[in-house]
Amino acid sequence: MHYFTPKRCEPSQKIMYKDKITALQAAEQSRLERGVELWVYRCEFCGTWHLTHRDPQLNYMRAQRALQRKPHSRKRGFKPRHR
């Protein structure tokens, strides 16, 4: 019996999909078979498409909130200067 072994991205070890449509089909198949919602994104390392369980919109919003926070020190007893 012959099993298909998909190509994997070296840095992330995720399955490589040649185009977005193929990746979307795999995500839909996963949702139907296992009930898992997956999102599609383009890899910055290999340029192919991968699946992820994290919603890219939530990651974007978290990054925006992190940029808006005031910087703070983790040293004990630190008091910022008042200007």
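A patch is made of residues with over 30% relative accessible area and no salt bridge, where like charges are joined within 9 Å and nonpolar side chains (Val, Leu, Ile, Met, Phe, Trp, Tyr) within 5 Å. A salt bridge is a side-chain nitrogen of Lys or Arg within 4 Å of a carboxyl oxygen of Asp or Glu. Accessible areas come from the Shrake-Rupley method with a 1.4 Å probe, and for residues only the protein chains shown count as cover.

Two housekeeping sentences. This is a predicted model: local features need pLDDT of at least 70, side-chain atom pairs count only at pLDDT 80 or more, and totals for chains, interfaces and linings use all residues. Residues are numbered from 1 along each chain as its sequence is written, and side-chain values use heavy atoms, with hydrogens and water left out.

Now the patch. Leu-58, Tyr-60 and Met-61 make a nonpolar patch on the surface, together about 310 Å² of accessible area. Leu-58 sits in helix H2, residues 56-68. Helices here are DSSP runs (H or I, at least four residues), strands likewise (E, at least two), numbered from the N terminus.

Buried means under 20%, exposed over 50%, partly exposed in between (1.4 Å probe, protein chains only).

Next, Ser-30. Ser-30 lies in helix H1. Ser-30 is buried, at 7%. Leaving aside neighbours within four places in sequence, Ser-30 is in contact (heavy atoms within 4.5 Å) with Gly-35, Val-36 and Leu-38.
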